[in-house]
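User: Hi! I'm new to reading protein models. Could you walk me through the one below?

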Amino acid sequence: MAEETIFSKIIRHEIPSEIVYQDDFVTAFKDIAPKAKVHILIIPNKVIPSVNEIEPEDEILVGKLFTVAKKIAKDLGFAENGYRLIFNCGRDGGQEVAHLHMHLLGGEPLHSKGFCN
Ligand code: 5GP
């Protein structure tokens, strides 16, 4: 069983966060230190530490992160203009929290912000 992080507490509403979407499988909430006008983290409720630990049985769950990202972008009105989705993996990838998360960045042009989060 993978170790929990602060993100599990967010999923369980044990610490405050601005949750924008939640169902039985996925939770999405605003990043505490936004790097763009809109910066949302989309995570599986199940603890998967990083991309390296995604197993074949997680494929549908990981796919759901994308359909939730698309829905949020549409609901917030920037799906047509476009947005950026990022997964950081491990130390060299700059991953700080060991709970798989997709960064959804948008709501403004991102060209000048480089390719990293
Ligand atoms: P990473 O660098 O691991 O890809 O991204 C982790 C992200 O989680 C960072 O953008 C950071 O700002 C965000 N973050 C870390 N702790 C918290 C927290 O307690 N609440 C929220 N909403 N975001 C957090």
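User: Into which classes do the residues of the shell around the ligand divide?

Analyst: The shell holds 8 nonpolar, 6 polar and 3 charged residues. Here Ala, Val, Leu, Ile, Met, Phe, Trp, Tyr, Cys and Pro count as nonpolar, Asp, Glu, Lys and Arg as charged, and the others, Gly among them, as polar. This is a predicted model, where local features need pLDDT of at least 70 and side-chain atom pairs pLDDT 80 or more, while totals for chains, interfaces and linings use all residues. Residues are numbered from 1 along each chain as its sequence is written, and side-chain values use heavy atoms, without hydrogens and water.

User: Which residues come nearest to the ligand?

Analyst: A residue is near a molecule if one of its heavy atoms lies within 4 Å of it. Of the 17 residues around this ligand, Lys 30, Asp 31, Glu 96, His 101 and His 103 come nearest.

User: Which polar side-chain atom lies 2.5 Å from an oxygen atom of the ligand?

Analyst: A polar contact is a pair of N or O atoms within 3.5 Å. The side-chain atom at 2.5 Å from a ligand oxygen belongs to Asp 31. Backbone N or O atoms take part too: one of Glu 96 lies 2.6 Å from a ligand oxygen, and one of Gly 94 lies 3.0 Å from a ligand oxygen.

User: What are the details of the aromatic pair of Phe 66 and Phe 87?

Analyst: Rings of Phe, Tyr and Trp (its six-membered ring) pair if their centres lie within 6.5 Å; planes under 30 degrees apart count as stacked, over 60 as edge-to-face and the rest as tilted. The structure has 3 such pairs. Phe 66 and Phe 87 form a tilted one, with 6.1 Å centre to centre and 40° between the planes.

Key
A polar contact is a pair of N or O atoms within 3.5 Å; within protein, one must be able to donate a hydrogen and the other to accept it, and residues adjacent in sequence count only if both atoms are side-chain atoms.
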